[in-house]
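Visitor: Could you take me in for a close look at one part of this fold? I'd like the surroundings first, then the packing in detail.

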Amino acid sequence: MYLLLKSVIISIVVTQVAILATTVYLHRALSHRALKLGKASTMAFRIILWVSTGIVPREWVAVHRKHHAYTDVSGDPHSPIVETFALIQFANVYLYRKAAKDPANLAKYAKDLPPDKWDKAFFNKPLLGLGIGIGLLLVLFGPMVALLVSIIHMASYLLLSAAVNAIGHTYGDRPYNNFATNNNWLALITWGEGLHNNHHAAPTSSKLSFKKSQIDPGWWAIRVLETIGQAKIRLRVPKLVAGALDVPLELESQ
Ligand SMILES: [Zn+2]
Ligand SMILES: [Zn+2]
């Protein structure tokens, strides 16, 4: 029981750190250039993602930019409106891998992110990163906790990331004219990513909360990075995309 509790607590920490790196680095900084990170924080995020997720950043960026290019229409790599909610929530990783491994997507959506010397030596090797991550858990906590944390973290990271695409395009508020949704509860456990309707309305904003009542812990982290000279914010006021304030879209099935 003690080992299980310890494993759950460590898993929550590892997953939350991985999601923080995902939203601040992969999503807001790399995919949308909403902020520019300093060298130290960039390297820290790259290492965190490498050992905790095995994600290759330019693949994630390519899949995500394609999602913005074809949001909820044919061509979207992971739309619960085009596909089904269950497929995106529970099998997003397969759809992600299919889109991430398509050279045409990488050539079109991530041509500004060619592999550098660090990618060639380390970060392009997901299994090496994950192996180091599991090895660290083994050394620090022993084999049983390492095994449990690996399983719990993998499941929770995949489910929470998928929830942004599945729940975040199905349930919640739609103040702006897109099919994505805002959910404060989801934002609380995904460092702000749950404010997904806001994000589709203003993708270049590094702040995802647009009202006092909305929670974006990722923005708080960015402010800390800015204070220590590790982040430059592109826009102080969110810039809405054309049509964002039009009458909200209605789903045909609703
Ligand atoms: Zn979306
Ligand atoms: Zn985005």
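Predicted model: local features only at pLDDT ≥ 70, side-chain atom pairs only at ≥ 80, totals over all residues.

Guide: Reading from the N terminus, the order is α-β-α-α-α-α-α-α-α-α-α-α-β. The C-alpha trace spans about 55 × 40 × 40 Å along its principal axes. A compact globule of 254 residues would have a radius of gyration near 18 Å, and the protein chain has 18 Å, so the two agree. Buried residues account for 42% of the 254. If you take contacts between residues at least 6 apart in sequence, 65% of them join residues at least 24 apart.

Now for the part itself: helix α11, residues 217-227. Its buried residues are P217, G218, W219, I222 and L225. What covers them includes α1 (2-31), β1 (35-37), α2 (39-52) and β2 (231-233). Once α11 is done, you reach G229, which has a positive phi, near 80 degrees.

Two of those covering elements, α1 and α2, also pack against each other, at an angle of about 130 degrees and with axes 9 Å apart. On the α1 side, V14, V17, A18, A21, V24, Y25 and L26 make the contact, meeting T42, F45, I48, L49 and S52 of α2. Sorted by class, that contact has ten nonpolar residues, two polar ones and no charged ones.

Key
Residues numbered from 1 in each chain as written. Chains lettered and ligands numbered in written order. Helix = DSSP H or I, 4+ residues; strand = E, 2+ residues; numbered from the N terminus. Rg over C-alpha atoms; globule rule 2.2 N^0.38 Å. Buried ≥ 20, exposed ≤ 12 C-beta atoms within 10 Å, placed from the backbone. Contact = placed C-beta atoms within 7 Å. Axes fitted to C-alpha atoms, helices over the stretch in contact; angles between N-to-C directions. Nonpolar A, V, L, I, M, F, W, Y, C, P; charged D, E, K, R; others polar.
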